[in-house]
Amino acid sequence: MTFFALRDLVEDLRDARPTLWAGRSEGVRSTHAIDAVEVQQAVQRFVRFAPLLARLFPELQASGGRIESALFPVPQMQQALQLPEQLGRLWLKADHSLPVAGSIKARGGVHEVLEYAEQIALQHGLLADGDYLQLACDAARAMFARYQVAVGSTGNLGLSIGVMASGLGFKATVHMSADAKEWKKQRLRARGVQVVEHAGDYAQAVSAGRELADQDAHCHFVDDEHSLSLLLGYAAAAPHLVAQLAENKIAVDETHPLFVYIPCGVGGAPGGVALGLQQAFGPHVHCFFAEPVQSPCFMVEMLAGAAALPGLEAHPSVYELGLNNQTEADGLAVPRASELAANVVRGFLGGVFTVEDETLFRHLYLLKDREGLQIEPSAAAGFGGPRALLESAAGQDYLQRQKLLPHMASATHIVWTTGGLFVPDEEYARFLARGRDLSN
């Protein structure tokens with residue numbers, strides 16, 4: 001990217017205008033390598049716990065305890081977005097309907113709680129015969145009750161941690177920021193989870209929760225900014241998607257590129273998914289993260305140290321660009337990205353694009369109107385990706401650099417819808433009405 005193009009990008013960022021930054025520059029490498037064996041260990045942990053999860057959560061009985069979502073084409077949405085078939089087909093990865101937690105956080109959040117429970121159970125000799133169903137017995141629950149699991153969250157991660165931790169018998173505490181939705185707090189409290197509200201933003205809730213957890217030796221704090229366990233839980237989604245693509249006879253190779261668009265908050269969830277897919281498909285998968293125009297923390301992290309961002313050399317916040325970090329996409333309202341996630345994906349991330357809140361609501365409405373699917377605003381962020389990539393100068397430059405332009409007709413575009421299953425009807429009705437008004 002030339003200095004002048006970078007300067008224009010930074011101006012768009014500062015002015016909260018939708019923009020796209022494209023990665024995979026020559027010489028840029030990831031600085032935190034994660035072996036495929038580590039991802040496979042997370043996959044196997046989900047397998048070991050599946051019988052227990054099926055017993056604890058009735059909604060998982062049909063899947064045998066597997067927490068997974070469907071993959072399907074959305075041709076009517078593709079038409080509504082005015083994306084011609086000559087640019088490939090649009091598909092949807094439906095994490096908005098993931099059981100137990102109702103969002104992509106059911107992957108990473110559940111995995112970290114399971115890993116912590118496994119460690120404690122092994123220490124106390126409860127898994128000597130390898131039967132994980134024993135962890136549902138009264139003795140195991142009494143033992144887990146001596147420990148606490150805590151997390152800082154704007155909502156969905158807190159739901160996944162709180163529901164899984166309380167389901168196993170742990171004491172659970174969720175530190176929530178002021179921008180967290182009230183219904184998410186109420187849902188947690190109904191599960192017996194302690195909700196601690198903080199006046200500040202996501203980063204302040206995480207900091208406060210981390211500080212309190214440090215004072216209790218029996219408290220495990222799930223740190224969304226630094227947790228490898230969370231990231232691996234998200235990465236474990238890749239093998240199932242690989243199988244789904246094969247079932248649908250979708251090739252991913254040099255002449256059949258795969259584009260994946262994922263909403264991004266702190267970066268752990270999209271970073272983990274991108275990692276797993278990169279290990280599966282190498283340079284033939286192109287992951288793009290979607291952020292609100294007022295909360296582009298991951299794009300800012302990717303640009304830190306650039307000539308057009310003087311004074312922002314190390315781990316900057318969106319506030320330093322004059323942005324307010326306020327968005328209706330509460331799960332994406334994060335001022336500072338995860339350094340771990342950034343360091344993992346830096347060498348292979350396709351890029352990051354930003355979306356206005358009004359666009360989120362329009363796309364939420366279109367998805368319901370054309371495909372009958374119900375998501376929350378943050379989950380709609382990915383639908384702006386194909387057009388941002390295909391119509392912007394930065395996107396066209398990326399496609400040219402990656403030698404993808406001749407192969408776009410055979411491309412597959414997947415929008416990863418990350419949440420919405422448990423949104424109350426009255427709340428969703430307001431979302432839908434706002435989207436309808438903006439679309440008409």
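Colleague: Which loop does Gln82 lie in?
Modeller: Gln82 sits in the loop between helix 3 (75–80) and strand 3 (89–94); helices (H or I, at least four residues) and strands (E, at least two) are DSSP runs, numbered from the N terminus. Keep in mind that this is a predicted model, where local features need pLDDT of at least 70 and side-chain atom pairs count only at pLDDT 80 or more, while totals for chains, interfaces and linings use all residues. Residues are numbered from 1 along each chain as its sequence is written, and side-chain values use heavy atoms, leaving out hydrogens and water.

Colleague: What makes Gln82 count as exposed?
Modeller: Buried means under 20% relative accessible area, exposed over 50%, partly exposed in between (1.4 Å probe, protein chains only). Gln82 comes out at 61%, so it is exposed.

Colleague: And why is Ala16 called buried?
Modeller: Ala16 has a relative accessible area of 14%, so it is buried. This residue is in the loop between helix 1 (3–14) and strand 1 (20–22).

Colleague: What is the phi of Ala16?
Modeller: Positive, about 55 degrees, although Ala16 is not a glycine. Gln82 also isn't a glycine, and its phi is positive at about 60 degrees. Most residues other than glycine have a negative phi.

Colleague: How do you know that Arg387 and Glu391 form a salt bridge?
Modeller: The rule wants a side-chain nitrogen of Lys or Arg within 4 Å of a carboxyl oxygen of Asp or Glu. For Arg387 and Glu391 the closest N and O atoms are 2.1 Å apart, so the pair passes. Both lie in helix 15 (residues 385–391), four residues apart, about one turn of the helix. Arg387 is partly exposed at 27%, whereas Glu391, at 56%, is exposed.

Colleague: How many salt bridges does the whole structure have?
Modeller: The search finds 22. Glu68, Lys93, Asp95 and Arg107 are linked in a network of them.

Colleague: What are the bounds of domain 1 and domain 2?
Modeller: Domain 1 is 3–36 + 62–101 + 229–438, and domain 2 is 104–227; such bounds come from an automatic or database domain assignment. The contact (heavy atoms within 4.5 Å) takes 37 residues from domain 1 and 30 residues from domain 2.

Colleague: How much area do domain 1 and domain 2 bury between them?
Modeller: About 2,900 Å², with 58% of it on carbon and sulfur atoms. Buried area is the accessible area (1.4 Å probe) that two parts lose on being put together, summed over both. In domain 1, Ser229, Leu230 and Asp330 lose the most to domain 2, together 23% of what that side buries.

Colleague: What is the salt-bridge count between domain 1 and domain 2?
Modeller: Five. On the side of domain 1 that touches domain 2, the elements giving two or more residues are helix 9 (228–235), helix 11 (268–281) and helix 13 (339–345). Helix 9 gives the most to that side, with six residues.
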